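Please look over the structure below.

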Amino acid sequence: MNIEIRNEEGRPTEYVKILYECYNKRNSQRLRREQTKEEGKLWYIYLQKYKVTFTRQKPLGKYIVDFYCYKARLVIEVDGAQHYEPDAKICDEERTKYLEQMGLKVLRFTNWDINHNLEGVCLTIDREVMSRI
């Protein structure tokens, strides 16, 4: 898969090939089967039918992201309670930096956001996608 890197004017400047660790393919398939309630809610209510294609549990480099839109170079992460632990916050920051170095934008939402403000989450995703394609 190629990722297009754009300059400040939005013009393509280069393409970066994103590879992934082989073991992540099997793990991503398992994660699709075992998605969280909130991931399922966002997927089935909004992203599955969205006008631009999203994939779920997508291996990118050494990570598996919850949702990925190739066309907008956008990653969406749905964070549960475990992401509030100090070590997890550090890991999330490293993960975000790693993905941003590939030219990707990362949006993070909490389970609470999905359960109590799904409409706002969907509007945020839509705005970001439209600004990036």
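## Sheet and helix packing

Strands β3 and β4 (residues 63–69) pair in the antiparallel sense over five bridges; two strands pair if DSSP finds at least two bridges between them. Helices (H or I, at least four residues) and strands (E, at least two) are DSSP runs, numbered from the N terminus. The model is predicted, and local features need pLDDT of at least 70, side-chain atom pairs count only at pLDDT 80 or more, and totals for chains, interfaces and linings use all residues. Residues are numbered from 1 along each chain as its sequence is written, and side-chain values use heavy atoms, with hydrogens and water left out.

Within this pairing, Tyr 63 of β4 is the bridge partner of Leu 60. The open sheet has four strands in the order β3-β4-β5-β6, with mixed pairing. Because β3 (55–60) and β6 (105–110) stand at the edges with a single partner strand each, one side of each is left without a neighbour in the sheet.

Helix α2 (residues 37–45) packs against α5 at about 60 degrees, with the axes 12 Å apart. Axes are lines fitted to C-alpha atoms, for helices over the stretch in contact, and angles run from 0 to 180 degrees between N-to-C directions. The contact (heavy atoms within 4.5 Å) involves these residues:

| Helix | Contact residues |
|---|---|
| α2 | Lys 41, Leu 42, Ile 45 |
| α5 | Leu 118, Val 121, Ile 125 |
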